[in-house]
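Hi,

Here's the structure I promised to pass on. My notes on how its pieces pack follow below.

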Amino acid sequence: MLMLGIETSCDETSAALVEEHDGKWTIRSNIVSSQVNIHRDWGGVVPELASRQHIRDICGVVRCSLDTAKVDWPDVDAVAVTEGPGLVGSLLVGVSFAKSVAWSLSRPLVPVHHLAGHIESLFLEQGKPASIPLPLVALVVSGGHTSLYVVREPGSYERVGRTRDDAAGEAYDKVAKLLGLGYPGGPLLDKLAREGNDEAVDLPVTRMTHADRNAPSMKGDLDFSFSGLKTAVMRFVRGHTAVGPHDNGAALSHKEIADVCASFQRVVVNTLLDRLFDAAERFGAESVGIAGGVSANSRLRGDLGARGRHAGLPVFIPHISLCTDNAAMIAAAGLRNFHAGVRAGWNLNADPSVEL
C-alpha cells in the first residue's frame with residue numbers, strides 16, 4: 001500500500017510517500033520546504049505569511065515527492081493529511097489540497113493528528129509498525145508542544161503530562177532571543193551550549209505538585225513549566241548587562257553567553273528526562289521515546305541514551321530528518337489510522353486545537 005502524506009501545520013510544507021509491504025514501512029520520499037528564511041526577520045512564525053507560502057509551495061512539493069518516489073497519481077492508494085493542531089490558515093492549505101487529490105483520484109482520505117504523527121515517527125524510524133515494545137512512554141517536545149503519552153497498544157495514545165505554559169522549544173527560542181542569538185533559537189543555543197559550563201548559572205527547576213485544573217483527570221506532577229526558567233534567564237541577562245536592559249545581552253561576553261546556554265540547556269534536558277522516566281516507572285513502560293523538533297537537540301539525545309541504560313529500558317528517537325515537521329510521519333500515522341478504519345468525509349475541516 002502506498003500512502004501519500006500532506007503536512008502544513010506550521011511553517012514547513014511537506015509531502016511524502018510511505019509504502020507498507022509485508023509488515024514493513026518504507027519511506028519512498030519525504031520532501032520538506034522550510035520557511036525559516038521567510039520568518040527569520042520577524043523572530044518567529046507569522047501565520048499569514050506561512051499560509052500564503054504554503055499555497056505557493058504545495059503543488060511543487062507534492063510533485064517533487066511523486067517524482068522522487070518514481071510513482072504517479074494512479075499509484076497512490078490513500079491520502080493522509082494533518083487536520084490539526086497548528087495554525088489554522090496553514091492547516092487549511094493542506095486539508096484543501098488533500099481533499100482535492102483524494103476526491104479526484106477516488107481514494108480514501110485519512111485525517112491525522114499532528115502529535116500522533118510525531119509518535120509514529122518512532123515506529124517509522126524502526127521500519128515496522130509493530131517494532132517497539134509496549135507500553136511505550138513517548139515525550140513529544142517541540143516549539144509548540146511538550147507532552148507525555150503512554151502508548152499501550154498501536155494507535156492508542158493517552159496523555160499523562162503536558163506543559164502548563166511555554167513549550168520547551170518555545171522557551172529555547174525566547175532565551176535565544178534574549179541572548180541575541182537569532183531565530184530559530186534551538187539549534188543556535190544547542191551549538192553554543194557545547195562551549196559553556198553548564199553549572200555556571202544557578203537556574204530554577206520547576207516541579208508541579210498540584211493537579212491541572214484544565215485537565216482534572218491528570219495528577220499534574222508529570223506536567224512541565226518553563227516560563228519561570230525563561231524569566232530567570234531574563235533576570236540574569238539584565239542583571240549582567242551594564243549598558244541597559246534592552247540590549248538583548250549585548251554586553252555579555254561570548255563565554256558568559258555560552259555558560260547561560262549550557263546552564264539553561266542542562267535544566268531543560270534534565271526536566272524533560274526526569275518526567276519521562278518518572279512516567280515510565282509509574283506506568284510500567286517497556287520502552288521510552290522522544291519525538292518532535294527538540295528531539296534533534298544533541299544533549300537531549302545523548303543524555304536519553306545514558307538514562308535509558310541506567311534504567312534498563314530501550315530508548316527510541318527518530319533520525320534528524322524525522323524530528324522536525326514532515327509528511328512521512330503523517331503518512332505513517334495515516335497508515336495506522338487507515339487500518340483502524342478511520343476515514344474523513346469531504347466536509348473535513350482544519351481543527352487548530354483538536355485533541356489527541
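**Helix packing and the sheet**

α5 and α7 come out roughly parallel to each other (angles under 35 degrees count as that). Their axes come within 10 Å and cross at roughly 5°, with α5 covering residues 168-178 and α7 residues 227-239. Axes here are lines fitted to C-alpha atoms, for helices over the stretch in contact, and angles run from 0 to 180 degrees between N-to-C directions. Helices (H or I, at least four residues) and strands (E, at least two) are DSSP runs, numbered from the N terminus.

On the α5 side, Lys174, Val175 and Leu178 make the contact; α7 brings Lys230, Val233, Met234 and Val237 (contact means heavy atoms within 4.5 Å).

Before you go further: this is a predicted model, where local features need pLDDT of at least 70 and side-chain atom pairs count only at pLDDT 80 or more, while totals for chains, interfaces and linings use all residues. Residues are numbered from 1 along each chain as its sequence is written, and side-chain values use heavy atoms, leaving out hydrogens and water.

Now the sheet: it is open, with 5 strands in the order β3-β2-β1-β4-β5 and mixed pairing (two strands pair if DSSP finds at least two bridges between them). β3 (24-34) and β5 (109-113) are at the edges with a single partner strand each, so one side of each lacks a neighbour in the sheet. On average, neighbouring strands are turned by 20° against each other, direction ignored. β2 (residues 12-21) runs antiparallel to β3, joined by 10 bridges.

Cheers

How values were computed: Angles under 35 degrees count as roughly parallel, over 145 as roughly antiparallel, 65 to 115 as roughly perpendicular and the rest as oblique.
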